[in-house]
Amino acid sequence: PYNLNLPEQFNAADYFIDRNVREGRANKTAVLCEERAFTYGQLQENVNRFGNALKSLDVRMEERVALLLLDTEIYPQAFFGAIKIGAVPICLNTMNRPKDFEYYLNDSRARVLVVDASLLELIEPIRNNLLFVRQIIVANGEAPAGDLSLDELTADQSTHLEAASTCSDDACFWLYSSGSTGAPKGTVHLQHDMVYATETYGKQVLGIKEDDYCFSAAKLFFAYGLGNGLYFPFGVGATAIYLPKRPTPDQVYGTIHRHRPTLFFGVPTLYGQMLEAEGSMDNVRLCVSAGEALPGDYINRWKDRFDLDILDGIGSTEMAHIFISNLPGDIHAGSSGKVVPGYEARIVSEEMTDVAPGEIGTLLVKGDSAAAFYWNKHQKTRQTMMGHWVNTGDKYYQDEQGYFYCAGRSDDMLKVGGIWVSPNEVESCLIKHPAVLECAVIGAPDENNLIKPMAFVVLKKPDQSATHMEAELQDFVKSSLALYKYPRWVRFLDELPKTATGKIKRFELRNMVYSQAA
Ligand code: 3UK
């Protein structure tokens, strides 16, 4: 076990922002975003302005403040501004659809929503359905009548603000995590969690130091990006580099060339795309991959091309960040690596006993960055947070040397480009199409062996043209769910394989795909 020795009264904004100024880094660059640069001194002033602005709107301790923001300097300002007054920021995935936001905002009862002007169109269709949001603050652009502009709101606020007297076990921030069934779960992290992840993975695995420049292509609204681009760099007084745009290989290589990061964070899909594109890694000393397993082939090709390692590691929203990882100088391609110092892991059978090396079981993990609970989801909390141990829902095995290997999920959830997709949700969408009688969605490997959703569909009228229907069904899903969820392939069957009790035999569908691939 790892003792942080934090004082009982502890505020994460004081630790990650004010401490940098106290320790003499007021003039050091905290954030680089496009052509703009902000020092820790400026960041602190902006955090304080934002915290005071929330107070002027009567936001109080423990109340939620939802953030629907691109990766810009506004992100740390709003995130730590809320935390500093004891309010609780919620980082929302900007790729979701209006009805997803209606759920997040009503479930969390956020009082204030801070939204980038370019994302306001995601909120307009559901604005009248919001039960608890009392004020919308618009960043990086003009606010419609009734909303407030962040610039105008913060302009006159004081640059001084004392941190609220939160304690180290107070709620600090939330992230929404989706499961195979049921609504997404508000995952409640505590004030000390970011410190724990920084002290363990950040310092011991990445060896992050004050002179590092961190660039995360994975966005700040993911637990992964939040550590990479926000609390790891601020935890050691380093510099964060933000890219507000979509992380295409060109944008990513361009940002690397312009701002010269030393640490780079991506997901497997992006590494695959970057390997196909031109560009260089300039000043990068170490690359990290997470979100889904990294194909070993990418590690070797990356090493050949850039003479750089990619560290694959598994993390989760519930654990805040990575808890099993490869280490610099000790990389096992195809493995998730070993337990990060400060965490413990077990692989257990259905009877909850430890399995022998080589045997597959469920991965449990323990460590003090674990979320406290899921908001208003008591049963799901109990299933996942088992005392000290958190059930990842992942199937893993360990070899004789202690390296961990992933072997699928215990539910049907898919990781697509590092982001959760519930086959259930895609099926529920497809079934609404008038031509669809029945359907099943599974994960299938693409040409790079990365998983993407594949749909099996039984049509009401089987004679409909398959090529036309494939495109139509794909467009149908794209029009109602977040884009990354659509089935990349649609296969038409006369009937779905079912058990005697009428359950779809997903493993048979999987076998069909894998035997064809082989
Ligand atoms: C899967 C991996 C194999 C695994 C995350 C780094 O992905 C993150 O959080 P999520 O809550 O998903 C967690 C689940 O994703 N997974 C993640 N990384 C790997 N599987 N190899 C990997 N390297 O199923 C896990 O349970 O979206 C990643 C840091 C913080 C994070 N939240």
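The shell around the ligand holds 10 nonpolar, seven polar and five charged residues, where Ala, Val, Leu, Ile, Met, Phe, Trp, Tyr, Cys and Pro count as nonpolar, Asp, Glu, Lys and Arg as charged, and the others, Gly among them, as polar. The model is predicted, with local features needing pLDDT of at least 70, side-chain atom pairs pLDDT 80 or more, and totals for chains, interfaces and linings using all residues. Numbering runs from 1 along each chain as its sequence is written, and side-chain values use heavy atoms, leaving out hydrogens and water.

Let's look at the ligand site. Its shell has 22 residues, the closest being Asp312, Gly313, Thr317, Asp394 and Lys415; a residue belongs here if one of its heavy atoms lies within 4 Å of the ligand.

| Residue and atom | Ligand atom | Distance |
|---|---|---|
| Asp394, polar side-chain atom | oxygen | 2.4 Å |
| Thr317, side-chain N or O atom | oxygen | 2.5 Å |
| Ala293, polar backbone atom | nitrogen | 3.3 Å |

On its own the ligand has 610 Å² of accessible area, and the protein covers 93% of that (Shrake-Rupley method, 1.4 Å probe). Helix H7 (223-236) and strands S14 (310-315), S21 (389-398) and S22 (404-409) each give two or more residues to the shell; helices are DSSP runs (H or I) of at least four residues, strands (E) of at least two. S14 supplies the largest share, four residues.

Note on methods
A polar contact is a pair of N or O atoms within 3.5 Å; within protein, one must be able to donate a hydrogen and the other to accept it, and residues adjacent in sequence count only if both atoms are side-chain atoms.
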